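Trainee: I am new to this structure. May I ask how its descriptions are reached?

Mentor: Go ahead.

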Amino acid sequence: MTNAPTATLFNDETLRTAAKLADNSYQPLWIGPSGEESTGEEVARHLEATSALLDKDGWIRAYNYSRSAGADLADDDSMSVKDMLRMLLRFIREESDTDPQRPLFTALRHVGEVGEAGDTDTASVAGHVLDHVIQAHTGTESARATSWSERQHRTHADITALLRASARFARTYGPADTTGRAA
């Protein structure tokens, strides 16, 4: 089931199974780190904004931290100060992370940090929703969406399907109001 075509990755039965997992979970799914409850609609908006961000800026499976351009920096007494500065500026330009592409959970966090379509609470709850959907999808309680999203064969379409299904899950099974919110 984990290598199914993207269109059939997450069906209604998967979402029903995820709801059962959430109901049987030790911790309440919809309560964020603030101790306040997020509605299903709030979490769904966060997930949809994450999908839109990945569509706009691009998705990558994982960051590549193996670059070692710094090893090319010369430590040569014969270099002029101007040459050293030029080399240093080139190194900074090459090493600074100006590529907007990001992995799933970085995008999820960034949507929460911007605060327009969510916050850090909805980011946390959305992450747990993604985990429950992946657990239902794989049939494995220990499965996590981060690891699933970073598998080498994963595609942007797979990530989009997960985010859409998770937004559907949040709207269908999440709280409709905020009566459980703390003051």
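Trainee: Which residues does Val-129 touch, not counting residues up to four places away in sequence?

Mentor: Leu-29, Trp-30, Val-43, Leu-47, Ser-166 and Phe-169; contact means heavy atoms within 4.5 Å. This is a predicted model, where local features need pLDDT of at least 70, side-chain atom pairs count only at pLDDT 80 or more, and totals for chains, interfaces and linings use all residues. Residues are numbered from 1 along each chain as its sequence is written, and side-chain values use heavy atoms, with hydrogens and water left out.

Trainee: Why are H5 and H7 called roughly perpendicular?

Mentor: Helix H5 (residues 120–138) and helix H7 (residues 156–173) pack at about 105 degrees. Roughly perpendicular covers 65 to 115 degrees, so the term applies to H5 and H7. Their axes, lines fitted to C-alpha atoms over the stretch in contact, are 10 Å apart.

Trainee: Which residues meet there, H5 against H7?

Mentor: Val-129, Leu-130, Val-133 and Ile-134 in H5 meet Leu-162, Leu-163, Ser-166 and Phe-169 in H7.

Trainee: What makes Asn-11 partly exposed?

Mentor: Buried means under 20% relative accessible area and exposed over 50%, with partly exposed in between (1.4 Å probe, protein chains only). Asn-11 has 36% relative accessibility, so Asn-11 counts as partly exposed.

Trainee: Where is Asn-11 placed, and what does its side chain reach?

Mentor: Asn-11 is in the segment before H1. Its side chain reaches the backbone nitrogen of Thr-14 at 2.9 Å. The C-alpha atoms of Asn-11 and Ala-165 are separated by 7.8 Å, although the two are 154 residues apart along the chain.

Terms used: Axes fitted to C-alpha atoms, helices over the stretch in contact; angles between N-to-C directions. Helix = DSSP H or I, 4+ residues; strand = E, 2+ residues; numbered from the N terminus. Parallel < 35°, antiparallel > 145°, perpendicular 65-115°, else oblique. Polar contact = N/O pair within 3.5 Å; in protein donor to acceptor, adjacent residues only side chain to side chain.
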